[in-house]
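Have the model open in your viewer and your selection tool ready. We will go from one stop to the next, picking residues as we go.

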Amino acid sequence: MVMQAASELPLMAAKVAMDLCKELGNGKDEFQQALKPVFQCLDQNRGREALTPAVKVLSDVFRQRVEETLKVNPILPLTARQMSKDCAGRGGWVAKVALNIFKESSDREGEAYAQLLAAFAHVEKRDAAKALKAAAASEACFKELRNRLGEAASLHAASSARLVRAMAPNSHQLQLVEDKEDKIKAVKARRDVEIKQGMDVAREACSIYNDLDEKKLEANCLNTVANLLLAKDEPDDAKNVARESRDICQDIEDIDGEARALGIIVSANMLHQGDFVDALFAAKDTLWLYRNSDVEPEDEDKMAIANALHAIANVHLAVWELSEARETAEEAVKLYDEVCSTNFEKLHGLAPALQTLAHALSADQKPDDALPHSERAVEICAASCDRNAEGMAKAMLAYQDQMARLKIWDEKPHEVLDEWSTRIQEENWKLAEEAFLLMQELRNEEGEAQVQSMIDEMNKAVEKIQAKSGTPTRTVWTIDKNTRKAVRKDYYDTPKEEKKKNESAKQDEEEEMAAIEEAPAEITG
């Protein structure tokens, strides 16, 4: 039985690899053609013969997914979504099983591609250490085989692993240590080293791709260099590298590649407020790629157009052009409604666009118009069974709605409606609490910190209004440890606490009056 199970492993691994290629390959013709020999071998139960080409194709699929999803500060919606943990795990399993089989049969080419697949699978799982180890092993095999294309792919995998490390957020525990500033500087220094090493190997990969005249692969690798520069907060250099990538894509007429390069330019321009206008131009250039006089309406890529419109709406929102943001977001939502057929597409396309539209309306002090769009985004996240997304959607709904209504209350109190009371005092706080507890349950520290930050901002907005209209319930004086001066902190009841206190005071007054009425009359002589 054990021998039989071992003999079936190549067939099982090849089938899992083929299923992953079909699931993640987005129906691309290049993958369909490459899988033909795999189909033929599997039809005849020749699992060992199918395994090598299956692993080779799957490593290419994983590489393209990493290129399309591993980005710094993405403003343009991604052309593909980071694969699920299940898919990344299955890819890692195929790599592990295949590697053992290839080593037993001394198949060095198969071993090289199995290590390459493992490297990209670990990048998808954000395990940079294992990814670098697998990439180094893959590179050594490809050098031994004198396969320069494979060597470049291994270098690209290593640079992607370095980018994962560069993008990793600082631990919240850093805020608790005594020598916080020194620790943060040390973390930044290590990150800069990772970025430099990543750029060195990525540039080496670009050089090999250039020598082999693999223009598309060179352009994609240049995008990785640009993202490393963004992680280092060098947007001007990142834009220059992205323009190199765009020029190559224009030469080979790769529209999707050009859009990815423009996406990096948009992201770079959105890092600093002075470049927001340039970001808008780059986003509009992306839209023009898919919607122009050379493309017939029936041939338009509506998903790509919706993505570009959504990006433009985000840029309009950043420069506070609220009417333009609303109109563009409405157009994006309309297109997403047409083309998003699965829960997955709705989760990653329609729901974020609905949140952007709600944000624009809330910022324009139209919370009642924004609310249905936010609620619909929450429903989509819940239907997709993505609990992290559902939690963040609830937090965004509560935050945007609360801040919009409180701003109106602060600036135009005569416009506050009586029916807003429950929304402000109860419903939004309940949603925020649900989101926070959900993040705790999922052990999502980053999400928990984001939700906590939103709750803090909501509390500050309430305190600001109370400071104008009421007196503090208590005042605490503390000593600032830096200036050594006394600092006053006023505390106010939340609306809910104030209401409860008023009800309690009223009840006490009623009980006191009732006691007076029931007391016997005083007897006078």
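Start with the aromatic rings: the structure holds 1 aromatic pair, where rings of Phe, Tyr and Trp (its six-membered ring) pair if their centres lie within 6.5 Å. Select Tyr113 and Phe142: their ring centres are 5.0 Å apart and their planes stand at 80°, so the pair is edge-to-face (planes under 30 degrees apart count as stacked, over 60 as edge-to-face and the rest as tilted). Tyr113 sits in helix H6 (residues 108-124) and Phe142 in helix H7, so the pair ties together parts that are 29 residues apart in sequence. Helices here are DSSP runs (H or I, at least four residues), strands are E runs of at least two, and both are numbered from the N terminus. Are Tyr113 and Phe142 buried or exposed? Both are buried (under 20% relative accessible area, with exposed over 50% and partly exposed in between, for a 1.4 Å probe and protein chains only).

A note on what you are viewing: this is a predicted model, in which local features need pLDDT of at least 70 and side-chain atom pairs count only at pLDDT 80 or more, while totals for chains, interfaces and linings use all residues. Residues are numbered from 1 along each chain as its sequence is written, and side-chain values use heavy atoms, leaving out hydrogens and water.

Next, select H7 (residues 128-145) together with H8 (residues 148-167): they pack at about 165°, with axes 8 Å apart. Axes are lines fitted to C-alpha atoms, for helices over the stretch in contact, and angles run from 0 to 180 degrees between N-to-C directions. H7 and H8 are therefore roughly antiparallel to each other (over 145 degrees; under 35 is roughly parallel, 65 to 115 roughly perpendicular and the rest oblique).

Now move to H4 (residues 47-69) and H5 (residues 85-104), which pack at about 140° with axes 11 Å apart. That makes H4 oblique to H5. Their contact includes Leu51, Val55 and Phe62 of H4, and Gly91, Val94 and Phe102 of H5.

Finally, zoom out to the protein chain, with its 21 helices and 2 strands. Of its 525 residues, 46% count as buried. Among contacts between residues at least 6 apart in sequence, 65% join residues at least 24 apart.

Notes:
Contact = heavy atoms within 4.5 Å.
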